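Hi,

Here is the structure I promised to pass on. Have a look at it first, and then read on for what turned up in it.

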Amino acid sequence: MILKRREFLKFISIAAAGTPLFANGRDKLYIKLPPKKLEYYHLKGKKDGGRVLIIGGIHGNEIGAYKAADILVDNELKRGELLIIPRSNFTSILANVRGYNGDMNRKFDHISKKDPDYYYIQMLKDIILSYKPDVVISMHDGYGFASRQERAWGQSVVIDEVRYKNFDLLTPARFVMNNSNKYLKHKIVVLNTKTFSGRFHKEQKKALTGWCLKNNIKAFCIEASKQLPTLKDKVHTHLVMLREFFKIYNIEFEGGMERIVNGFELNNKKNPKLILNVNNQKIIVKNNETLKIKRGSIIEVTDIDGERGDFIVPHGVNLNWRSFHFKNLRFFIKRDYQKIFSIDIKEV
Ligand SMILES: [Zn+2]
């Protein structure tokens with residue numbers, strides 16, 4: 001249905017008055033969720049240094065990767081610049097799956113406008129091309145231990161080629177490996193996918209790092225292992241590897257990177273506050289509450305006041321949906337993959 005502008009305004013005003021948007025919506029509740037924005041954080045030191053773009057969370061179940069990226073956001077830089085995108089695939093993070101809408105890391109060459117990941121891929125590309133960093137680091141938690149298992153990606157620095165155009169990829173990757181291994185129990189190795197010259201990893205051309213290289217931006221993947229015993233171990237592995245990249249690119253934190261590598265905290269305890277607008281009335285909801293709302297009402301989630309990574313998730317509903325009708329439904333607030341808050345909303 002294509003609406004002319006005037007018809008569109010009429011359509012919206014009818015909807016806002018509480019009349020059903022769809023024929024069967026009359027007796028139900030209608031909820032509007034906030035957009036899942038692609039959040040990025042820019043840190044800049046007073047002294048000149050390199051410019052590094054860090055991308056976490058392309059695979060939503062690789063918790064060590066996006067938590068490590070997120071931890072950096074709370075620190076101040078002394079030298080250089082960092083642009084950090086901890087949660088590039090937030091929908092998949094909330095679902096705690098690799099790719100809720102398929103593998104996002106295979107969509108950089110081509111993506112359909114109908115794909116729910118379209119906006120995020122376009123945003124990522126726009127940011128990379130406009131920021132033009134010295135290097136992009138794509139963070140992952142891979143399967144197994146690459147040093148002792150074939151086809152394992154865990155505990156590695158991944159390069160697409162030994163050399164690509166003018167970029168020497170092997171030397172920095174080896175530097176990161178050799179220095180990181182002084183601090184890691186599970187040693188890392190350098191994996192070369194030979195994305196452009198080889199036969200086995202052509203799919204990597206569709207990945208973020210392959211796309212970056214084709215656009216003349218240096219890029220690496222770093223992988224902790226999904227099989228490390230704790231989340232803390234995974235985050236630690238990432239921070240140890242990043243510390244070495246930061247040496248190469250002349251990035252320094254206030255207080256030093258040692259403080260972050262050895263003293264990071266995973267538990268931020270702030271309880272979220274859920275703020276709704278129900279028929280133009282503000283309601284602040286508490287954890288475990290049951291809200292009874294008159295049928296036909298419109299509920300808008302205006303704010304989730306909590307930590308980065310907090311978002312509202314309706315139980316059993318498609319996570320791509322921004323608005324829908326329902327009668328009785330449980331909602332969770334998730335802090336990334338963890339449920340930390342629940343409410344029930346029922347029509348009366
Ligand atoms: Zn991954």
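Let's start with serine 342, which you'll find in strand E19. With a relative accessibility of 14%, serine 342 counts as buried. If you set aside its neighbours within four places in sequence, serine 342 is in contact with Asn287, Asn288, Glu289, Phe331 and Phe332. Please keep in mind throughout that this is a predicted model.

One of those contacts, Phe331, brings us to the aromatics. Phe331 also belongs to an aromatic cluster, together with Trp321, Phe324 and Phe326.

**Aromatic pairs**

How many aromatic pairs are there by the rule used here? The count comes to nine. Take phenylalanine 90 and phenylalanine 311: their ring centres are 5.7 Å apart and their planes stand at 75°, and since anything over 60 counts as edge-to-face, so does this pair. Phenylalanine 90 sits in helix H3 (residues 90-95) and phenylalanine 311 in strand E16 (residues 310-314), so the pair ties together parts that lie 221 residues apart in sequence. Both phenylalanine 90 and phenylalanine 311 are buried.

Another pair is phenylalanine 220 with phenylalanine 245, and this one is tilted, with 5.2 Å from centre to centre and 55° between the planes. Here phenylalanine 220 comes from strand E10 (residues 219-225) and phenylalanine 245 from helix H7 (residues 231-248), so the parts tied together are 25 residues apart in sequence.

**Charges over rings**

Two aromatic rings have a charged side chain to look at. Lysine 232 has its charged end over the ring of phenylalanine 264, at 5.9 Å from the ring centre. Over the face of tyrosine 41 you'll see arginine 308, 5.5 Å from the centre of the ring.

Two packed helices are described by the angle between their axes and the distance between the axes.

First, H2. Helix H2 (residues 63-73) and H7 have axes that come within 8 Å and cross at roughly 55°. H2 and H7 are therefore oblique to each other, and H2 passes H7 in a right-handed crossing. Which residues make the contact? On the H2 side they are Ile63, Gly64, Ala65, Lys67, Ala68, Ile71 and Leu72, and on the H7 side Leu231, Lys234, Val235, His238, Leu239, Leu242 and Phe246. As for how H2 sits in the model, 11 of its 11 residues are buried, so H2 is largely enclosed by the rest of the structure. The buried residues of H2 include Lys67 and Asp70, as well as Tyr66.

Then there's H5. Helix H5 (residues 170-180) packs with H7 at an angle of about 130°, and their axes are 9 Å apart. That makes H5 oblique to H7. The crossing of H5 and H7 is right-handed. H5 brings Pro172, Phe175, Val176, Asn179 and Ser180 to the contact, while H7 brings Val240, Met241, Glu244, Phe245, Lys247 and Ile248.

**A few loop residues**

Which loop holds glutamine 155? It is the one between strand E5 (135-142) and strand E6 (156-159). Glutamine 155 has a phi near 60°, a positive value in a residue other than glycine. Its relative accessible area is 1%, so glutamine 155 is buried.

Aspartate 336 is in the loop between strand E18 (328-335) and strand E19 (338-347), and E19 is the strand where serine 342 is found. Phi of aspartate 336 is positive too, at about 55°, although aspartate 336 is not a glycine. With a relative accessible area of 0%, aspartate 336 is buried.

Last, asparagine 318, in the loop between E16 and strand E17 (323-326). Is asparagine 318 buried, partly exposed or exposed? Its relative accessible area is 31%, so asparagine 318 counts as partly exposed. In sequence, asparagine 318 and tyrosine 100 are 218 residues apart, yet in space they are 9.8 Å apart, C-alpha to C-alpha.

Cheers

Notes:
Residues numbered from 1 in each chain as written. Predicted model: local features only at pLDDT ≥ 70, side-chain atom pairs only at ≥ 80, totals over all residues. Heavy atoms only, no water. Phe/Tyr/Trp six-rings, centres within 6.5 Å; stacked < 30°, edge-to-face > 60°. Helix = DSSP H or I, 4+ residues; strand = E, 2+ residues; numbered from the N terminus. Buried < 20%, exposed > 50% of the residue type's maximum accessible area, 1.4 Å probe, protein only. Lys NZ or Arg CZ within 6 Å of the ring centre and 35° of its normal. Axes fitted to C-alpha atoms, helices over the stretch in contact; angles between N-to-C directions. Parallel < 35°, antiparallel > 145°, perpendicular 65-115°, else oblique. Left-handed = near helix turned anticlockwise from the far one by under 90°. Contact = heavy atoms within 4.5 Å.
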